[in-house]
Amino acid sequence: MNFRKYLVLAGIIFFGSIGDSLLSHGMKQVGSISLDHLGSVVFSVLNPWIAVGILFLLGFFATYMTALSWADLTYVLPATAFGYVFIAVIARFLLHEHISPVRWLGIVLITAGVGFVAGGPESSSTKKTGGTESALSTAGTRP
Amino acid sequence: MTHFYAWLGVFLIVVTSTTGDCLLARAMKQVGDLGALRKQRGIAQTILRVLRTPSLMLGIAFMALSFFSLLFALSWGDVSMVGPASASLTFVANAFAAKLFLHERVDRRRWTAAVFVAAGVFLLAG
């Protein structure tokens, strides 16, 4: 793992967390959408918070696909679950929301899970694919 | 019956989301390291190469199905049940699917990480 790859993982967390938060904030302004009028969900993209949120989620998708091009799915998903902790910490210290002891336990478990997977190799495959010479890292693939 | 439909929705979310993730992962493995590809062929060729991968579009279609499954589940169940249950089960299902279909080496470290993160997400979102 080099600095660029850590930056891509951080990008997934950053774009995903901020994008979700922007969408959530925007949908609270738009209000509840009835199941009888699902079409009105299309007009919700005119809300500026939702529009910016969608741009962030495009950034999330680009960084997510970049990470999957050199890392395993079972590495990327747990490693980027730190976004849940990121949101909870923002909620606690910036928005001054209350976090119950059960939620703190959840944060500890996620952090431990991220620590477990981050300490290992990002790819378990040794074959090169797709015409690029450095498609997959072979570091640490042997037991 | 309401409970049954809510859990059916959770099941659909987990299946479609896991399938979508696996298809996206397979597509990107076929493409190869995007950073290296961009250096060799430029950004336009890299984007074209990604878009021409069939499993990518299929993966995106399953992601869309997952979104509609979420809407279905939320119409029958509480968000406090649907959200944590689907998110945490998806982490574990992805570990199984990656081992079975992508032939990833899911060692004890990764199983532990998947279970810890799944339990943590359940507690955090619950």
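Guide: What follows is a short talk about chain B and its side towards chain A.
Guide: This is a predicted model, in which local features need pLDDT of at least 70, side-chain atom pairs count only at pLDDT 80 or more, and totals for chains, interfaces and linings use all residues. Residues are numbered from 1 along each chain as its sequence is written, while chains are lettered from A and ligands numbered from 1 in the order in which they are written.

Visitor: What makes the elements of chain B helices?
Guide: A helix is a DSSP run of H or I, at least four residues, and a strand is a run of E, at least two, numbered from the N terminus. Chain B has 5 helices and 0 strands.

Visitor: How do you know the span expected of helix 5 of chain B?
Guide: The rule is 1.5 Å times one less than the number of residues. Helix 5 has 18 residues, so 26 Å is expected, and its first and last C-alpha are 26 Å apart.

Visitor: Why are some residues of helix 5 of chain B called buried?
Guide: Buried means 20 or more other C-beta atoms within 10 Å of the residue's own, placed from the backbone. B:Phe116 and B:Leu124 are among those in helix 5 that qualify. Of the 126 residues of chain B, 48% count as buried.

Visitor: What makes residues of chain B count as in contact with chain A?
Guide: Their C-beta atoms, placed from the backbone, must lie within 7 Å. By that rule, 37 residues of chain B touch 35 of chain A. Helix 5 of chain B gives the largest share of this side, 12 residues.

Note on methods:
Contact = placed C-beta atoms within 7 Å. Buried ≥ 20, exposed ≤ 12 C-beta atoms within 10 Å, placed from the backbone.
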